[in-house]
Structure formats: C-alpha cells, structure tokens
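Student: I have the model open and would like to go through some of its local features with you. Can we just start anywhere?

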Amino acid sequence: MDDQSIRVTEREALLMHASGRPGKLEIHPTKPLTTQRDLSLAYSPGVAAPCEQIARDPNLAYDYTAKGNMVAVISNGTAVLGLGNLGALASKPVMEGKAVLFKRFADVDGIDLEVDTEDEEEFINCVRFLGKTFGGINLEDIKAPECFTIETRLREMMDIPVFHDDQHGTAIISAAGLINACDLTGRDLKDVKLVVNGAGAAAIACCELAKALGVKHDNVIMCDSKGVIYKGRKEGMNQWKSAHASDTDARTLAEALDGADAFFGLSVKGAVTQEMVEKMAPKPIIFAMANPDPEITPEDVKAVRSDAITATGRSDYSNQINNVLGFPYIFRGALDVRASTINEDMKVACAHALAELAREDVPDEVAAAYSGRRLRYGPDYIIPAPFDPRLISSIPPAVAEAAMASGVARRPIIDMDEYRNELSARLDPTASSLQVICDKVRGNPRRIVFAEGEEEKTIRAAYAFLNAGYGTPILVGREEKIQASMKHLGLIDAKGIEINNSSIGPRTREYSEYLYRRLQRKGALMRDCNRWVNQNRNIFAAAMVACGDADGMVSGLTRSFYSTYDDVARVLDPAKEELPMGVSIVVSGGGHQTVFLADTRIHETPDALEMADIAVAAANKARKLGHEPRVAFLSYSSFSGREGGRCEEVRKAVEILAERNVDFEFDGEVTVNTALDKEMMKDYPFTRLSGPANVLVMPGLHTADISSKLLQKLGGGTVIGPILMGLEKPVQIVPRDTTVSEMVNMAILAAHDAIVGR
C-alpha cells in the first residue's frame, strides 16, 4: 500500500517520471562487453555453448541465464490502484514502480509487462507461454472476479510461482498483525470471532489466510455492500463469496460486529461507526485497511475503546499494513529454492516470520525513524517497519524453508545460516539509512532556509520539502518575484513557505550587528557588515541560522562551492574539535556497493594530521549510515616506500591513526584497485584491512573531486553530496547542476544534522 502521508503534486510526479531517461527502469549488462572477445563470448559464437547445455537440461537455464532472478510484473490495467479500469498502457507506471520495489527491497529483477486484453482466455494464454523466460509471475491490478480465475488457472498451467499481490500481499501482512494482536490480547486464533468487510480480491484472500492460520470457518462473517454474506443469500453472489458464507442470523455489518473480537476492513471510508466499535468484545482488534481513508480512524476508535489495537493502510498511523513487507521477500525465498509455486504454507510462514520479527528487539536505525521513540513490541508495534534492514535476512529463509518442507522446492538450501548472510549482503544499507533519516526529519520537522529563494529550482525544492512534511522552508528573496514564480509554476497551497527579504527583513539589523561583533577585529566595518547582510543572501541565510531563526541552510545553485563556502565561513565557525570537510557518497550502478570519498570539498593538499581527521570523520559518517567502516588512504602505488611527497604524508596519516587506537579498520598507502579488490589485497597479507575498503581518503582535493564526478558521469553510479561536515551549524552547499530532488535531500540532511547535533 502506498505511503499516504507524503503529499506530492501532480506536476512533481510527472516531472519525476519524465526527467532524464523517461520511466523508472533500465537494463544494465552484468558482464564486460568492451572488446571483440567479450562480444564473442557473450553472443556469437560463445553463446552457442550455454544454449546447447540448456537444450539438454532445462534446469541449467538457472545457471547460465538470469531466469532465476527475474519476475514478470503483469497487468491488463483493469483495476489500477484506486483509479479503476485505465487500460494496460496506463498501468505501466504502476508496474514499473512495482519492479523498482522488487529490486530495492529484495534484489529481484522485475520486468513489467502490460497485456492489452480484458478477455480472460487471451490473458491466460499470453502469460502461460512466458514461463520459460521468468522465474516467477507477479499479477497486479486485475479486477475481481476475473483475477481469481486467472491466478488459479495459471498456477495449474505453469511450473513457476504465480502470485496475485493484490490478494495475497495484504492478506499476509494483516495475518502477521492478527497473530501478534491475538498474542497481546490473550486470544487463541481458533477462538477469534472475525468480521471482514469487503468481498473483493484482497478481502477474500485475507479471509482464506486467516482460516489457514487457525481461525475457524464458523467464526468468520464476511460482509459486502449488500450486507452479510450468509448461507442461502442469492443477491450479488459468486462462487468465491459463497465459499465464505456464514450460518448466521446477522444481516448487517453492525449486527455482525456485535461481540466480535476482530475486524478486517477492505471496503470504504466511514463504513464503521463508533457505535459499532463500542459493541465489540473487550480488547477489540480493528484493522481498517481502506485507502487512502480507513473505515474508521484510530482516533475515533480510541475515543470509545481505549483497549483496542488498531491498524490501517497508512504510514501516518501505527501498524501500517504495507504490502512491501511481503511480496519482495516471498519471491526472494521462492526464487532461491526454485519453487514451482507459492503455496499456502509459504504464505503462512511469511506471516509468522513477520510476526516474530516484530517481537524482537528493534535496532537503533529503525527506532530512529520514529522520532527517537524506542519501538517495542506492543499494541502500537505489531508489524515490522518497512525499512527494517532485518527483513531481507528474516523473511526469505522462512519462505524457503516452508517451500522445502511442503515439497515445492527444486533446489533446497543446505546451509540456512550461510543463506541468511548472503541475503544480508545483497542490499546496500545506505538506502535504508537515508530513508530512516527522512522519517526522522518528518517526525521532527525543522526550519531550513533556502538562500537562493528566487530561483525556480529552489522554489520547487522548498515546496517539495514542505509537502513531504520535513518542516518549514524559508526562501530568501523578493516576495513579489517569488510569488510570481510560484504562480507560474502552478504551486498552490504553499502557505507554509516563509519568505524573507534580506534588504527589509525584520531582523536584518540584528544580523548585521552579529556579523560586526564577529568580524570587527578582522578588518570589517559596520557598513561592510550592513552591505553583506543586505546584499548577500548566503550571508543573510547563514546569519539566520547563527542567530537561531533557522535550523540549517541550503545554497549553491548560482555560485561556485568555494565562493558560497567563503560567505558562510564569515558567519559560522568550525565545530569544536572538528575539521570542515566534504564527503561524497557513491552508490554503484547496481546499488550493491557504497563508498565514501573524502575530502571532496575543502582541503586542497591536506597534511597527515588533516588526513587522519578526515578519515575519522568519514568513518563516523559511514557508520551512521549503516556501514562498518574500512578506511583506505589512497595513492598512486601500494606500499611503495617512497620518500617525500604525498606518499609520505599518507603513511604519516596511517601512523597517526595507529597511535590513536581508533575503532575501525584502516590502511594505506594503496591504489584504488587494491583498496576495492579482495583478490588484489592478497598480494599484501600484512594489510590491516579484512575486506574491500568502503571509505576512501584521497591524497588531495583534485583527486577527490575529479574521481567523484567521473564516477557519477561515466561510472553509472549515484553520487550523494558532497555532504558538508564540520561546521558549528548545519549547512549544505549543492552543486550548480543539482536537481530538485537532490536539493531536497541536502535540505533533509541539514535538518537531520540539526536534530542529532553536529
């Protein structure tokens, strides 16, 4: 289910999808294809060898092709989100998005396919013949009741997993929540009286899985828009509803809820009233999962039943029923054992694994996302958070074990501990850590000043910052010009954006006096300070931060880093015992490796002591983002022993760290290929590094800056930053070619620094 708490405008969404390479997906080769020999091995004549092997043994397709890690995300667009029948082509953005989630959360290669037919037979025949290409099929956004027939028949026809997430995803997550809610309220599943409101694909799947968990058929009442689905009812029935018809005298939802223990809502806003909730059993369990607005809000439930446990499909309430907790990990486990299907045992195992994970101690990086509040298993935490890094190593093994136990696994896993370690290594922790930072800022909004407030890109970034709930953006500039730009950009409902003109601001005089006190013994006159504050928006913005009128600032669009930094340095000092520096975070094109480059901004030729301090600060930043730092001091040769020059400074920096007895691995001087290649490290058995480095300390600014930009432009990686560190107040300076999204990210980092301290 989508995150409903983050508001985005239609314009923002369209720009995101259209900017750069249109869409959200592209394909990268996994083998080098740079020489004629490479091409000969990858294609003709070399490709003939695996073709012949697969023809002899089809199972070898999993060894010689990407089949075993590919899932087709397929729809005909007959039920796109909550928008209805938009058709196959209009469903493509959703299917691309689903593919992105597969990759992001479980390293599964999702390929979207949109089938342009509403005819069941045509759709089934199209999909069934794709089985040789993919390791699994994820059906999506197909309307009921056709989705039931389509999934059932494809599962019978195909020897790979076929999974309709709209049905089973919600069912699995809600089942996990039900397990824990029953545990907390002292209930046994076999005794629970459950009412399900809604009789579509998700509701029926929820009902079926609850029964598979142990809830008795006779204890479940299902309702639709016409009332209770009871035995003998004729109106509005079909075979799937009939399977859940109850032997009951209740005819309305209100009557069904009288004395009920639990409620699953998959219907419409406002379907449940407070009067209905009052009549439920003690400690009621209420999962109101209609989106974007639940059947009844948790506030309305708590107003009449303080003993209730609630869940919704929204991220702005506790206990979000979010499908992303399920489908990526289910397919990961199913693919890894080459399961022929995803059966009930695997879904039940997934639900139990999610429930068990919620009962474990919550790691700091997850707790940090909730405004510093320590999450503990209880009524407000019965389902794991979507960005919990333990999901990848907890859920797929449970699914895989269930597949093996139920006889549908064709490649059993022998060493489950080793498998868990492999799963943990599949995903880089940076993305989760950055999401945790975003969530923390959203829970602790801050005031961030955007110095170049008249620039359209800045205005859009401020608007996005505001709408995402990160805090209050402050634009420095002329109000009439900013307002005109907002109107031109079509930005409405921007009342939360503050505008401050440096020339006539209410505190301009105070900022000038503050600056004069700082600089009067450094050659500055009062009239100089007045001019700087009035005319230089970077100095004005930095003064706002220094005087406590803003928590952090962002600038850099219209001037070079160094001129912007010089302006800021007039107003703000380095933090105590810290070295101002820049760290660039480089995420590889595949997203599996992250390295931290330092210093990419301040020190042109750092001496040994400065390099040692840079290493410590960069290692701390890496650790905060979920990486155990391994620091390499880079040079043009490895352990050369050459006297003088940068090599000697690098060796001295290593000696300084050795004397400090720091708590992370480090070594140098080494070349970059040695630092990043475990095999090359074997040539130096004496090295302190146990594996490839993830923090690279450069011998000089030229090397650092050029390397980070080359990696971004030619290496296919994503570069975050440079992140400015070491000032007494949070400041981030963006590159002049930055995007709106990148600018928002830097504002978030500034806000996060304001929350956690420098």
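Student: Where does asparagine 661 sit?
Tutor: In this predicted model, asparagine 661 is placed in the loop between helix 27, residues 645-660, and strand 18, residues 665-670. Its phi is positive, at about 55 degrees, although the residue is not a glycine.

Student: And is asparagine 661 buried or exposed?
Tutor: Asparagine 661 is exposed, because its relative accessible area is 66% and the cut-off for exposed is over 50%.

Student: What about glutamate 577, what is its phi?
Tutor: Glutamate 577 has a positive phi of about 60 degrees, and it is not a glycine either. The residue lies in the loop between helix 25 (561-571) and strand 15 (581-587), and with 79% relative accessibility it counts as exposed.

Student: OK, annotations now. Which residues does UniProt list for the Malic enzyme N-terminal domain?
Tutor: The UniProt record, an unreviewed entry, lists residues 22-155 under "domain: Malic enzyme N-terminal". In the model, that span is 40% helix and 12% strand, and its end C-alpha atoms lie 34 Å apart.

Student: Which residue does UniProt list as "active site"?
Tutor: The unreviewed UniProt entry lists Lys98 as "active site", and in the model lysine 98 is found in helix 5.

Student: Why does lysine 98 count as buried?
Tutor: Lysine 98 counts as buried because its relative accessibility is 7%, where buried means under 20%.

Student: What is lysine 98 in contact with?
Tutor: Leaving aside neighbours within four places in sequence, lysine 98 is in contact with Val73, Asn138, Glu140, Asp165 and Phe327.

Student: Where does UniProt place the "binding site" feature?
Tutor: The unreviewed entry places "binding site" at Val80, Leu81, Gly82, Leu83, Gly84, Asn85, Leu86 and Gly87. Among them, glycine 82 is in the loop between strand 1 and helix 5, and asparagine 85 is found in that loop as well.

Student: How is glycine 82 classed, buried or exposed?
Tutor: Glycine 82 counts as exposed, at 79% relative accessibility, whereas asparagine 85 counts as partly exposed, at 40%.

Student: What does the side chain of asparagine 85 reach?
Tutor: The side chain of asparagine 85 reaches the backbone nitrogen of glycine 87 at 3.3 Å. Apart from residues up to four places away in sequence, asparagine 85 touches Gly77, Thr78 and Glu118.

Student: And the leucines, which of them form a nonpolar patch on the surface?
Tutor: Leu81, Leu83 and Leu86 form that patch, and together they have about 300 Å² of accessible area. Leucine 86 lies in the loop between strand 1 (70-75) and helix 5 (92-106), and its relative accessibility of 40% makes it partly exposed.

Student: Changing topic, where is threonine 674?
Tutor: Threonine 674 is found in helix 28, residues 672-676, and it counts as buried because its relative accessibility is 5%.

Student: What does threonine 674 touch?
Tutor: Not counting residues up to four places away in sequence, threonine 674 touches Ser638, Met680, Met681 and Tyr684.

Student: Last one, what is glutamate 255 in contact with, and where is it?
Tutor: Glutamate 255 is in helix 11, residues 253-257, and, leaving aside neighbours within four places in sequence, it is in contact with Asp249 and Ala250. With a relative accessible area of 43%, glutamate 255 is partly exposed.

Student: And how many Å apart are glutamate 255 and asparagine 319?
Tutor: From C-alpha to C-alpha, glutamate 255 and asparagine 319 are 27 Å apart in space, and they are 64 residues apart in sequence.

Definitions and conventions:
Residues numbered from 1 in each chain as written. Predicted model: local features only at pLDDT ≥ 70, side-chain atom pairs only at ≥ 80, totals over all residues. Heavy atoms only, no water. UniProt positions renumbered as here; feature names shortened; annotations may be inferred. Helix = DSSP H or I, 4+ residues; strand = E, 2+ residues; numbered from the N terminus. Patch = residues over 30% accessible without salt bridge, like charges linked within 9 Å, V, L, I, M, F, W, Y side chains within 5 Å. Areas by Shrake-Rupley, 256 points an atom, 1.4 Å probe, with all protein chains shown as cover. Salt bridge = Lys/Arg side-chain N within 4 Å of Asp/Glu carboxyl O. Buried < 20%, exposed > 50% of the residue type's maximum accessible area, 1.4 Å probe, protein only. Contact = heavy atoms within 4.5 Å. Polar contact = N/O pair within 3.5 Å; in protein donor to acceptor, adjacent residues only side chain to side chain.
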